[in-house]
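User: I have a protein model to look at and some questions about its inside. Can we go through them one at a time?

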Amino acid sequence: AMTQAFFWSPNGNQIAYLKFDESAVPQYGMDMYGGLYPERVTFKYPKAGENNSIVSVCLYDLNSKENIGLAMAEKPEASHYIPRIKWEPNGNNLLVFTMPRLQNELAIHRYQTTLLSNIAVKEIYHEKSTTYIDINDNLFFLNNNKGFVLTSEKDGYQHLYHYMSDGQLSEQLTKGDWEVVEVYGIDEKNNIYFSKSEKTIGKGIYRYNLKSQKMQPWMGKAFDNGTYDASFSKGMKYCILSHSNANTPTEIQMVDDKGNAIRTLVSNTNLKNKLAEYCQSQKTFFDFQVADGHRLNAWIMKPSNFDQNKKYPVFVTIYGGPGRNTVMDMYESRNYLWHQMLTQKGYIVVSVDPRGTQFRGRDFKHATYMNLGKLETEDFIATANYLKTLPFVDGQHINIQGWSFGG
């Protein structure tokens, strides 16, 4: 998400910001109940079909004290959204991302801001899709003016692409039926550090070297299980590395650039021992096929005294929103103890990721484009019907519960 609308240049000489013209946006009134008497508050609020704010990009130069509006490089309808603004590391070039309202086209424009009287603009990236294009922060610039690296789903899975500085595609760096999840950064030797989806339910940390054109596990050994996340220092010399799996709380280590552990920061040993006293049910993963042929990932927790000859009620917990998974091989501290309690009360607990969730490729994730709610509901119905076929499930007592999108 973009949580601020101003962006300082790396050298601190200029600040780019978004300007919102709300003059044509209708006002909305609402009573605020904060004291003895409600207070009437009015604010600009565009309902469906009404006028939105007109958004533009401006630049303020601290040396000249000039305030300049930047001209958009295409028709207004093509720049309805400005989802990102970024400065290149040199501090002279400002990048403005634009999209139409259907979010199926993305353009990146480079503004050369050193000469304020004649700010040059060039489109350095353009992508079209029949569905939406995901916006992320996976954009990094290489040393010695060798271009930039970004991610795209245009081959069916999110992968790394190398572009030259003028916007010409150099090559697609990674390929396969898996996804680059997050790009952490690039070191001085042009090693690109990133996380990769594993078996569609986990994440591993890898690096790709532009010179050798090889990808390898960052810690020098093959991925085993669970989910890894990383936070790198400047220059990628050190890293705070976290790891957990579905039944093991998070461990956090400080690691060097070769993947060697320097020291353990958080072991969670006391929590692991305490969980061993109270939590007897193991979360296990499975998948199943629904009527139209696609398969869904799921996990299940059974009562600790499970008897396959008995029938148990089922509690299905869901979310199902676009690009959001509940079926991940990682420790889920928010509801793990609650679900353990349900198994102690004699319930089976299940979660499933319907169409629209991530790490299964673009087609699976984008299936719900312009049609939110329909396919997800069908997949949750299919889940209940599948559970009814299991001999240990009480098909008359299947409950489903979700929050936010899952509600």
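Analyst: Let's start with Thr174. Keep in mind that this is a predicted model. Leaving aside neighbours within four places in sequence, Thr174 is in contact with His159, Leu160, Val180, Phe194, Tyr208 and Met215.

User: Is Thr174 buried or exposed?

Analyst: Thr174 sits in the loop between β14 (169-172) and β15 (180-186). Its relative accessibility is 3%. Buried means under 20%, so Thr174 counts as buried.

User: Which side chain joins that of Thr174 in a polar contact of 2.9 Å?

Analyst: Start from the contact list of Thr174, which includes His159 and Leu160. The polar contact of 2.9 Å runs between side chains, and the partner of Thr174 is His159.

User: Which strand gives the largest share of the lining of the largest cavity?

Analyst: The structure holds two cavities of 30 Å³ or more. The largest has about 120 Å³ of space. Its lining includes Gly204, Ile205 and Tyr206. The largest share, three residues, comes from residues 202-209, strand β17.

User: How many residues in the lining of the largest cavity are nonpolar?

Analyst: Among the lining residues are Trp218, Met219 and Phe223. The lining also has one polar and three charged residues. The nonpolar count is eight.

Methods: Residues numbered from 1 in each chain as written. Predicted model: local features only at pLDDT ≥ 70, side-chain atom pairs only at ≥ 80, totals over all residues. Heavy atoms only, no water. 1 Å grid on protein atoms, 1.4 Å probe; cavity = no way out; pocket = protein on both sides within 12 Å on 5 of 7 lines; lining within 4 Å. Points joined across faces, edges and corners; volume = space filled by probe spheres on them. Helix = DSSP H or I, 4+ residues; strand = E, 2+ residues; numbered from the N terminus. Nonpolar A, V, L, I, M, F, W, Y, C, P; charged D, E, K, R; others polar. Buried < 20%, exposed > 50% of the residue type's maximum accessible area, 1.4 Å probe, protein only. Polar contact = N/O pair within 3.5 Å; in protein donor to acceptor, adjacent residues only side chain to side chain. Contact = heavy atoms within 4.5 Å.
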